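Thanks for taking a look at this one with me. Below are my notes, arranged as numbered points so that you can follow along in the viewer.

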Amino acid sequence: MKPHPRLERCMSIVTSMTAGVSEREANDALNAYVCKGLPQHEEICLGLFTLILTEPAQAQKCYRDLALVSRDGMNIVLNKINQILMEKYLKLQDTCRTQLVWLVRELVKSGVLGADGVCMTFMKQIAGGDVTAKNIWLAESVLDILTEQREWVLKSSILIAMAVYTYLRLIVDHHGTAQLQALRQKEVDFCISLLRERVRFGQQKRYQDWFQRQYLSTPDSQSLRCDLIRYICGVVHPSNEVLSSDILPRWAIIGWLLTTCTSNVAASNAKLALFYDWLFFSPDKDSIMNIEPAILVMHHSMKPHPAITATLLDFMCRIIPNFYPPLEGHVRQGVFSSLNHIVEKRVLAHLAPLFDNPKLDKELRAMLREKFPEFCSSPSPPVEVKIEEPVSMEMDNHMSDKDESCYDNAEAAFSDDEEDLNSKGKKREFRFHPIKETVVEEPVDITPYLDQLDESLRDKVLQLQKGSDTEAQCEVMQEIVDQVLEEDFDSEQLSVLASCLQELFKAHFRGEVLPEEITEESLEESVGKPLYLIFRNLCQMQEDNSSFSLLLDLLSELYQKQPKIGYHLLYYLRASKAAAGKMNLYESFAQATQLGDLHTCLMMDMKACQEDDVRLLCHLTPSIYTEFPDETLRSGELLNMIVAVIDSAQLQELVCHVMMGNLVMFRKDSVLNILIQSLDWETFEQYCAWQLFLAHNIPLETIIPILQHLKYKEHPEALSCLLLQLRREKPSEEMVKMVLSRPCHPDDQFTTSILRHWCMKHDELLAEHIKSLLIKNNSLPRKRQSLRSSSSKLAQLTLEQILEHLDNLRLNLTNTKQNFFSQTPILQALQHVQASCDEAHKMKFSDLFSLAEEYEDSSTKPPKSRRKAALSSPRSRKNATQPPNAEEESGSSSASEEEDTKPKPTKRKRKGSSAVGSDSD
């Protein structure tokens, strides 16, 4: 297929600017051309897009240029791809098809918003029942993209559904030849993984939010919670394989359901549903799986949510005499049997830490000691019990201290105080996460490894084990490194040596790495650990040296056995004087690991650091962003890690780093996509991201397209931050266009708020921009078709939208002295629109258009006549009794200033009359 004439013209424009000049000159020329206006921006984007499809050798460079010059988040390119796929895909040459797949892969890698829609359009081109080479190639190419970018796929429920539907349909066609069988297996594995592994522990929030909106938000749904809890306890009994995986455990769902109760009656019923199986529990007849969720909810909630644990324990105590008084003895025996069975089955090793915990209220602890004295004392030796049914391993799983935020650890109270607790904490988000177990030091046994080492190395490792102080261990460690670097060293022993070192230095990886007080001396002292000798030797070598590669191999072996070594290396390179300017060594280390990729390695190491030591994470942040900008600035992955765990003091520290020039966390080409990604984050995380963005000197116009993605109910954080920033800006036409593009809704005051503010501060400029937009949109068709997919539909500015927003603004300015609607540009534009719009619009916006009629009359009628005409309108009569000064703010001063600075008779006449004032409400 020959390129469309328009695409050819755009391509020639780009070629003429970039041919025969340096890359920097080409970038400057493209940026300068793009800044001229939207048509020029579209020409450059389409020209680069056409070059990518037709010139594979230039594709990488053109994509980089496209990412730099695109001002709309690649929307022009996404629309064009969708158009080509839907209308002309079958006519494309093979080269263009291959390049189109390559481009989509790059868009997905970059996390461009709307790339999921393009992937779905691509999947629509895969024909069912067609096993020709081209169709098989397309099916496999799209599958490869979805498999490679699995984490990205999981963020879009629509894409997951489309992908599963498409490939379940294709699987039946792919059989016969070896190639088709191999593809079929890949498709089967892909579909199974998506269907089985969608909800993981720690990733459930978005599903919980959806479920709550869909099913738990009405008054009738209060009774649904206890039914769900009964179903989970009595029917959902996972296998040991599921219990030992990271699939969301039952106790986490039940704990979440308890926190969604909004009435005391619903909360009591939910707790009764949870403990119902306890009341008459018989170990001979009943299953441990029925009573396990309740004890695990209490156990896992003790540290992050002691109030939840307290109210459940209190309920357990009070239900015994109150459930059915004539059978109090039976209920007491049932609860006792449940607790005893829980200990016997080792669901919890013992109950004393739960029942006699200092976080509980003293009165509650006394009640527990009175009712269950057997379980409040020190644990007795465990009894051997034969287990014949699945026993939960949930208490042992998910023990990574994933910091998911929690509400305060204030002293827990009885359930009588639930109402107070709910009223204080209703704004908080309740989450459950596991308790970190206390680490018990055990003697290190490296005997199995020693036999595999040669004699001299074995002796040094034993010396290292017996070393009494750090200095002696460092000396021995240096000897070990020297021996590793000898020419006759057997490199096959590196793995065994790494196993020995990680066992001997386990203590290195516990506790905080960063000194409490950060000084040059304390930092240098902190990097004096024996294991850090490997890092020091690495810094002293040339990268092309064979010894350098050998030490990297040793570190790679260590990394497999102890992943924390990665962020310890980052800390050493940041803190040690010997490593000054050597941060690039980390890239060599990353490439030497089995991961083999800098980005993946860096993100994994920073994640491990986030989970272990937030102070160290903040300390490393400036150098990580500075040294690895391509890995940190192209997506919001690292930013999300940081804002998920920092507190307000650490946020302020990072803001200071940004403003002092020590830290850059955003750049123009990717900031929009990152902020769009942040819309799914927690409230505090979003506020942190916006605070950090505002600390940078990035023009607001760079991110103004985000407005098209913001919904007033779902994104209040971003809307409030953006509103406060917009009020400091002088409005440009693009800003006004984006603001007016928001759908009109009675509860969404964003557009009216910022327009009102601009009326007060920049009335003439705002009037000119609105006039321009009104006239432009009046000349376009009333309905415009968008080629964007359902997952990336953006608001389109229509004439009706502009008029609705202007009418809302007019009503908001009621009874103020603000004369915005008396300005000539506004009245001219309204007159222009009124002349060509249909009767329905004239009726709907009659009060708005009446201003234009008065403007026409002003050239022939005196002010008095205009005033009478205005007072005769229904709206004027309706508002005639309203107080004259509802809200004036700076309107009176701006009106008087305009009268002094604009001596034109017609303007003074309009401002002097009450016609605009009365109709502008």
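1. Leaving aside residues up to four places away in sequence, I480 touches L457, K460, V461, L464 and L497, where a contact means heavy atoms within 4.5 Å. I480 sits in helix α25, which covers residues 470–484; helices (H or I, at least four residues) and strands (E, at least two) are DSSP runs, numbered from the N terminus. With 1% relative accessibility, I480 counts as buried; buried means under 20% relative accessible area, exposed over 50%, and partly exposed in between (1.4 Å probe, protein chains only). I480 and I534 are 54 residues apart in sequence, and their C-alpha atoms are 9.6 Å apart in space.

2. A word on what you are looking at. This is a predicted model, in which local features need pLDDT of at least 70 and side-chain atom pairs count only at pLDDT 80 or more, while totals for chains, interfaces and linings use all residues. Residues are numbered from 1 along each chain as its sequence is written, and side-chain values use heavy atoms, with hydrogens and water left out.

3. Now the whole chain. Its secondary structure comes to 51 helices and zero strands. Of the 921 residues, 51% count as buried. Among contacts between residues at least 6 apart in sequence, 74% join residues at least 24 apart.

4. E8 is partly exposed, with a relative accessible area of 31%. Its C-alpha atom is separated by 7.4 Å from that of G47, which is 39 residues away along the chain.

5. Next come the helix pairs. Two packed helices are described by the angle between their axes and the distance between the axes. Axes here are lines fitted to C-alpha atoms, for helices over the stretch in contact, and angles run from 0 to 180 degrees between N-to-C directions.

6. How do α3 and α5 pack? Helix α3 (residues 38–54) meets helix α5 (residues 75–88) at an angle of about 50 degrees, and their axes are 9 Å apart. The two are therefore oblique to each other; angles under 35 degrees count as roughly parallel, over 145 as roughly antiparallel, 65 to 115 as roughly perpendicular and the rest as oblique. On the α3 side the contact is made by H41, E42, C45, L46, F49 and L53, and on the α5 side by I76, V77, K80, I81 and I84. By class, this contact has eight nonpolar, one polar and two charged residues; Ala, Val, Leu, Ile, Met, Phe, Trp, Tyr, Cys and Pro count as nonpolar, Asp, Glu, Lys and Arg as charged, and the others, Gly among them, as polar.

7. Helix α5 has another partner in α6 (residues 94–109): their axes come within 12 Å and cross at roughly 145 degrees. This crossing is left-handed. From α5, V77, L78, I81, I84 and L85 meet L100, L103 and L107 of α6. The contact has eight nonpolar, no polar and no charged residues.

8. Further along, the axes of α13 (residues 222–234) and α16 (residues 264–275) come within 8 Å and cross at roughly 10 degrees. That makes α13 roughly parallel to α16. Q222, C226, I229, R230 and C233 of α13 make the contact with A266, N269, A270, A273 and L274 of α16. Here the classes are seven nonpolar, two polar and one charged.

9. Most residues other than glycine have a negative phi. M74, although not a glycine, has a positive phi of about 70 degrees; M74 is in the loop between α4 (59–69) and α5 and is buried, at 6% relative accessibility. R346 also has a positive phi, near 60 degrees. R346 lies in the loop between α19 (328–344) and α20 (352–355) and is partly exposed, at 39%.

10. Last, the cysteines. How many disulfides does a search of the whole structure find? The search finds zero, a disulfide being a pair of cysteine sulfur atoms within 2.5 Å. For C317, the closest cysteine sulfur is in C376, 8.9 Å away and too far for a bond. C317 is buried, at 1% relative accessible area, and C539 is buried at 5%.

Technical notes: A crossing is left-handed if the near helix is turned anticlockwise from the far one by less than a right angle, and right-handed if clockwise.
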